[in-house]
Amino acid sequence: MHMWFWFGNNLGSFLFPGYNVTTVSSFLCTCLGLTALAILYEGMKILQIKIQHSATILVQRQTAQTSENSSLLSKISSRSIGARSSLRCIRWSTWSIQAFHWFIHTFVGYLLMLAVMTYNVYINIALVLGGCIGYWVFGPKLVELKLARFHEKQRLLQCDKECADNVVNHQRPGTNVSIIAEQLVTEATVEVHTPRSD
């Protein structure tokens, strides 16, 4: 095993036992495959953000429906129990999808890292080239999605500040409400308007 950068196309047994790279054609196919894998790794970053966003929206909608139904019903009924169990099922399934995607993304990342650790110059060039192509293709969308998430968080924070100001300003004059009670009401209002990411 080389501990320094080297040129050559005979990698021998590469990454997996039985996968021998000894000819020029197998070496070129390996480089192309690693380039494609690096592009895929960059694209999976966008997929991760989209999965998280859709899961958050789905859980928020389901939570809103469940809380609305439970507030309308005065007694615990089989409908509210069914709504809670369907909410758990949706949360579990979205969490499973996110965990599976994380597993695949991490596995691909470690494969790329192991390929870099061969210290072969051509393999490293193929991986850097694939990462550059992937960022060139998926980078603008990645920046757009991260910026949209930032603006959403900023909007929620502004809503929380406005709601807190409304609670403090709309109290009846002359009431003896302690500062601690005002803070508790403000915290409760802020909790109501922040999305929960379970």
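**Cysteines**

I searched the whole structure for disulfides and found zero. I then took up Cys31, which is in no disulfide. The nearest cysteine sulfur belongs to Cys29, and I read the distance as 9.5 Å. A disulfide needs the two sulfur atoms within 2.5 Å, so the 9.5 Å between Cys31 and Cys29 rules that pair out. I keep in mind that this is a predicted model.

Next I asked myself: is Cys31 buried or exposed? Its relative accessibility is 10%, so I put Cys31 down as buried. The cut-off for buried is under 20%. I also looked up Cys132. Its relative accessible area is 47%, and I noted Cys132 as partly exposed.

**Leu15**

I turned to backbone angles. Leu15 has a phi near 65 degrees, a positive value in a residue other than glycine. Where does Leu15 sit? I found Leu15 in the loop between β1 (12-13) and β2 (20-21). Leu15 has 33% relative accessibility, so I count Leu15 as partly exposed.

**Tyr119**

How accessible is Tyr119? I have 25% relative accessibility for Tyr119, so this residue counts as partly exposed.

Note on methods. Residues numbered from 1 in each chain as written. Predicted model: local features only at pLDDT ≥ 70, side-chain atom pairs only at ≥ 80, totals over all residues. Heavy atoms only, no water. Buried < 20%, exposed > 50% of the residue type's maximum accessible area, 1.4 Å probe, protein only. Helix = DSSP H or I, 4+ residues; strand = E, 2+ residues; numbered from the N terminus.
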